[in-house]
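Colleague: Could you take me through the aromatic side chains of this structure, slowly and with the cut-offs spelled out?

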Amino acid sequence: MDLQTLSNLFATTYNPDPNVQKAGELQIRKIGGQEGMIAALLQIIVNDSVDLATRQASAVYLKNRVYTSYFIDSVTRADQTPIATSDRDALKASLLHLIAVSPSRSITLQLANTLKNIVARDFPERWPTLLDDVKRLLASSNIREVAAGCVAALEVIRAFRFRQQADVLPHLVAELMPTLVNIASNLLQTPPANASQEIPMMLHYILKAYKTSIVLQLSKHQQSPESLVPWGSLLFRVVNLQIPKDAVPEDEDERERSEWWKAKKWAYGILGRLFHRFGNPSQLPSSMQEEYGDFARHFVETFAPEIFKVYLQQIEMYVSGQVWLSKKCQYLIFTFFTECVKPKSTWALLKPHYESLVQSYVFPQLTFNATKEELWNSDPADYIRMSVDEYETYDTPVSAATTFLLSLAGSRTKATFMPILSFINRVLQSKPAAPQRFGALNMTSALGHLIMRHPDVKGNMEQFLSQHVLPEFSTPEPYMRAIACEVLGTVEKSGLQWSNEQSLKAHFDGIAACLNDTELPVRVHAALALAEMITVHDSVKAAVAPQVSSVIQTLLKLSEETDLDILNNCMETMVEQYQTELLPVAAELTARLCETYTRLARESVSADDITTATDLDSLMTQEGEDKTFAAMGVSKTISTIISSVESSPEILAQVQEIVIPIIVLTLENKLIDLYDNMYDLVDALTYKSRSISPSMWPVFELTYKLFKSEAVDFLDEMLPSLDNFISFGPDVFKAHPEYIKMIVDIFVTALTSDQLGENDGVNGCKLAESLLLNLRGHCDDSLQIIIETAWRVQDNISTKALALANLEVLINAVLYNPAAALHIMENIQPGASRTFFNKWFQTINKSDGLPRVHDKKLCIMALSALLELEPSAVPQAVKEGWPLIVGGTLHVFKELPKAIEARQKLEQDYNNESDEDDIIDDSLLNLNEDEEDVWDQDSAYLEMLANEGARLRAKSDKLANGEEEEDSDEDDESEVAEELGYLSPLDNVDPYVSFKHALTGRFLKPCCLRAPDDLIPSSIPNEEPAGLSSRDHLPLSRRPDCSYGSDAYRRATSAYCPTLDVFFQFFISLTCDFPPIVPP
């Protein structure tokens, strides 16, 4: 295809006629894999005579084609054609030049992304000249080529920023950074007022390149004074750079996005990153001490004080109105100040200034200013989201100021807490205007959980509320009513104890009035506070009970207006607290919630359909994400309702029929983010009703289809529901053999698919086990494939959890049909049954081989089934060790009481967890008198993450070098633990009775003399499920003489038959010590 025709074809991709656009896209897809296509695109992009939009469309296609097809792994899709070698060569030969002559910023970004993806695959082995080419551009006298060199340097570094191995990036840094810092220093020689547009853009790219290079590591070159000094000098120059108003847009939002302020943002970011990750010795994780310890000590002594001085000066000028600071720069400054609180050396710098910073910067940020007022009036739902959702606004000045305040109060409590509270009291007692009162109460709300843990302050909160919060419920300013509700909710959540019931009632009345307020944010905060109050106070709960239906309706309306997930939590609390009162309206409430969920799910689908973003930042801000989170919250509330109506089967059945359509809707539309929530609902409905309704079976069929397509890695979420289908719907499985085949196919896929891990294999084994236990006599056609699959994968298993789960599939097969299972094993491979028994008995003999109660019960039942097997059905390979089965069973019996006791203790600990959650955590406050380095829970958490990262990197390096990983007994031990939520048909089986029945049924045949009662082994009693009989623990000298020729033996053999001799061999095993059981 000639260039003109190809250019016209790409022009159709932005044609307003959707039919023309679709036809063009289909034709491009058809010819996209042809050799020479990429080379032709490069010519279109560089051709100035081609329309700019067409060139941009070509650049976008090029980026996407390289991303999807430059490197293709062994599993190639049918619609995926690798880029030809000639086109790859053309790309590498032309790409840097194309960036240098790019006609627009948008095309440059597409080409830069293309370069990064190629570099990640080909550098340095298949593109050895790249670094020299980039350095040649940086040394050019043409400013556009230098700018292209800056873009290329950034993309080359970005390609390796997350690579754990320090094999490429340190070399790139050493080669490029000295040149880049010289270029940046020269750029700053030109005053911003006289600078061309390339100067701030190049400065932005250079600083971003440095920041990108230190995401994970700081190279030896960057730690050296030869690098640190010139870069430090550059960063301080950029931070102190005064940008004239004429050099940036007048609009503040546009100014924030300008190249000059982007450059300043990256300068602040670099200084903060150097201190936070590499230059703070008191918080440096132990795994990083060897590599960065010396640098950290040098940095905190030399650079940190200078950074603090410069930042403090910037804030002072900003507060006084002398300079303007972008929001992102303010956030980075106070993030650095927060980092300065814990180290002793930087706290000494900060301590004289913290009160001034709190009063002059933190307090104004938390007052009700013009920005908050505009948001309140224009979008009250977004105002609520910004004020209550900490993850929505984590990188704003308000968030940074709040975090700084909390760090001061929590980490330096002795020095800062009381002065901060005194400031709040002074503001409130001076009776200022409402915006200032809002700021003081906002500070109180932020500190509320710490105030309620401080021994000298928490007792005064009731008086504080009565004096400063209660009057605000009736103020004309709606935002004051909202903050009053928020403060009350915060301290209630933190365990406020009221001494005066009338005072509690007055505050409750205030909340109740605000619940019907005309302003949306007031109603939301009142609802949140009310949920906290009814949880703690019986009097409030009783007062709300008569109107609970009305309150729920209010919450539903608020939820529909705002789509706030936090309101769903509030509704869950109401449903939990008023289960009895809401029982009559549970179905109606569920229907309303399902309507809301359906709306949110459809809106999420619509938002995803119109989203074309491919970069991470855009994906993080997609509109559909909020809808998805809101839908998750609604589904959790529905789950709470299901739990609350469990006692009423009729209502539960109604709720189930209402909920099933939203489950089907989610699965049919493949809303992957909501699968977890939907399978929680399926699990709850099927488990609590202990049956499977006819309308639920389409969900089972959909689940299988999804597992075989997009949702193959959701087996962990599907497992409880699938197990319930098997456990509570056995009759349907018996009537539909294809359902059994579906479960078996999931099991086979879970164990053999390259896409799934060993945890999925464990889940697959649990399904196979459930099938064999629940459908006895109806899985005959599937028994062979189950055994063959488990047998073939057993030697390729690396984790103890999967090894045990896979072995138990074979044990379950033996329990299901001993003769058939052993026969199938022998058909797989002669002697396979003996190999199986060896592994089984080795597991039995290991101290932790069968760690759970279920494991032991399963073994006993399977061994008992083997005892009942006819001698003719026993494979020749295992006949020699067959008598040792009884000894193996007794070995498991001896360990069973310990496992039962351990499970009971675990259940008790689990039930006590909720009580422990109520214990107030005083560790949030640092009440120590000294001013040494602070090491708290956050520090310990970061230490753990860093050390775990170091361990995983070491493991990855060993595997990459072909070294074998050392086995870790500790890791293996943690892989298999008692599962309290796992239910099995064996739970209600008495293994003692089953074993005794197997023995008597096998050996006391009609042809044999019935053994006297006193010779029936008392170590397998009828009614001693807690453990073995005390007789089993008698010293050997006090045990009955059961040797051949003894009186007991003669009495039992007075009417001898051949089988009786074997029986008493078993009897001797029961009553006398036996060696470790290892079949020969």
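Modeller: Phenylalanine 837 is buried, since its relative accessible area is 4%, where buried means under 20% relative accessible area, exposed over 50% and partly exposed in between, with a 1.4 Å probe and protein chains only. This is a predicted model, in which local features need pLDDT of at least 70 and side-chain atom pairs count only at pLDDT 80 or more, while totals for chains, interfaces and linings use all residues. Residues are numbered from 1 along each chain as its sequence is written, and side-chain values use heavy atoms, with hydrogens and water left out.

Tryptophan 840 is buried too, with a relative accessible area of 0%, and it lies three residues from phenylalanine 837 in helix 46 (residues 832-845), so about one helical turn separates them; helices here are DSSP runs of H or I with at least four residues, numbered from the N terminus.

Across the whole structure, a search finds 43 aromatic pairs, a pair being rings of Phe, Tyr or Trp (its six-membered ring) with centres within 6.5 Å, called stacked when the planes are under 30 degrees apart, edge-to-face over 60 and tilted for the rest. Tyrosine 311 and phenylalanine 336 form an edge-to-face pair, 5.1 Å centre to centre with 75° between the planes, and this pair links distant parts of the chain, from helix 16 (residues 304-319) to helix 17 (residues 327-339), 25 residues apart. Both tyrosine 311 and phenylalanine 336 are buried. The rings of phenylalanine 837 and tryptophan 840, by contrast, are tilted, because their planes stand at 35°, with centres 5.7 Å apart. One aromatic cluster includes Tyr268, Phe308, Tyr311, Phe336 and Phe404.

Notes. Helix = DSSP H or I, 4+ residues; strand = E, 2+ residues; numbered from the N terminus.
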